[in-house]
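I opened this model to take notes on its fold, its core and its surface. My entries follow in the order I looked things up.

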Amino acid sequence: KDDLARYKRDMAKFLKNTKLDPPDEPKYPKLPKFFLPANTSSAMLIKSLDDSDGKGVIFEAEADALGKVFKQEWGDFSHLLRLLFHSESISKSRLGGFEHIEVKNGQAAVVLSGTPDQVLQIVPSAQNGLFSRLIFYVYSVETGWRDVSPAAGTINYDEHFSKFSEEVKDMIVFLEKNPTEVTLTPDQWSKLNNSFSELLKEAKAF
């Protein structure tokens, strides 16, 4: 705040007297975050990833939070998600301020829940490149009344998933300290190639 206030004061002086040297614009500190909002612009997404060492997760309970953003000119970052799927570099440059940001080997994921109609706002057709980079999990449940009384023994999901998050964190820390490589035998590679070859034929026919 102090640097920004000083910059504004010096800029005001410079505008009144251009014989002075223009002040240097303060550099804003990086604000790393793991969860990234879907309601963001493509420029801000790149900035957030740059602040977070190229890593992050877009997590939304309602898929149309992303779908509505995709309809905006400033928010259609479908191409960025396709690049991030392959850990390719993404960048942006702006003439004003000579700004240039490049995120190499980005590792971002998208986790959404919603209805089929909401999905269509994000991926309008199977021909869209984003379609092949997503995994869809569709399920239905039997209709039935759920006990809503206080004695129903309901789960506190914040505490429930907090325990799992600690386990995942421990896994990440372990793998960072102990790089692990998983290899397949020739027979396993053959089985994998044959299986996905058939699945590809089915997908193409569908």
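**Fold**

I read along the sequence first: the protein chain follows the pattern α-β-α-β-α-α-β-β-β-α-α-α. I count seven helices and five strands in it. I keep in mind that this is a predicted model.

**Overall dimensions**

I looked up the radius of gyration next. The protein chain has 24 Å, whereas a compact globule of 206 residues would have one near 17 Å. I then took the spans of the C-alpha trace along its principal axes: about 75 × 55 × 40 Å.

How much of the protein chain is buried? I find that buried residues make up 19% of the 206 residues. The chain exposes about 17,000 Å², and carbon and sulfur atoms supply 57% of that area.

I also checked contact range. Taking contacts between residues at least 6 apart in sequence, I get 50% that join residues at least 24 apart.

**Core**

Which residues have the most contacts inside the largest nonpolar core? I note Phe77 and Leu81, in a core of 20 residues. H2, helix H3 (64-70), helix H4 (78-85) and E4 each supply at least two residues of this core.

Leaving aside neighbours within four places in sequence, I list its contacts as Ile58, Leu66, Phe70, Val110 and Leu130.

**Backbone: positive phi**

Most residues other than glycine have a negative phi. I wrote down two residues that depart from this.

Asp53 is not a glycine, yet its phi is positive, about 60 degrees. I place Asp53 in the loop between helix H2 (42-51) and strand E2 (55-60). Is Asp53 buried or exposed? Its relative accessibility is 61%, so I count Asp53 as exposed, the cut-off being over 50%.

Asn105 is not a glycine either, and its phi is positive at about 55 degrees. I find Asn105 in the loop between strand E4 (99-103) and strand E5 (107-112).

**Surface patch**

Which residues make the nonpolar surface patch of about 470 Å²? I list Leu184, Trp189, Leu192, Phe196 and Leu199.

Leu192 sits in helix H7 (residues 186-205). Its relative accessibility is 32%, so Leu192 counts as partly exposed. That class runs between the buried cut-off, under 20%, and the exposed one, over 50%.

Conventions. Residues numbered from 1 in each chain as written. Predicted model: local features only at pLDDT ≥ 70, side-chain atom pairs only at ≥ 80, totals over all residues. Heavy atoms only, no water. Helix = DSSP H or I, 4+ residues; strand = E, 2+ residues; numbered from the N terminus. Buried < 20%, exposed > 50% of the residue type's maximum accessible area, 1.4 Å probe, protein only. Patch = residues over 30% accessible without salt bridge, like charges linked within 9 Å, V, L, I, M, F, W, Y side chains within 5 Å. Areas by Shrake-Rupley, 256 points an atom, 1.4 Å probe, with all protein chains shown as cover. Salt bridge = Lys/Arg side-chain N within 4 Å of Asp/Glu carboxyl O. Rg over C-alpha atoms; globule rule 2.2 N^0.38 Å. Contact = heavy atoms within 4.5 Å. Core = buried A, V, L, I, M, F, W, Y, C linked by side-chain atoms within 4.5 Å.
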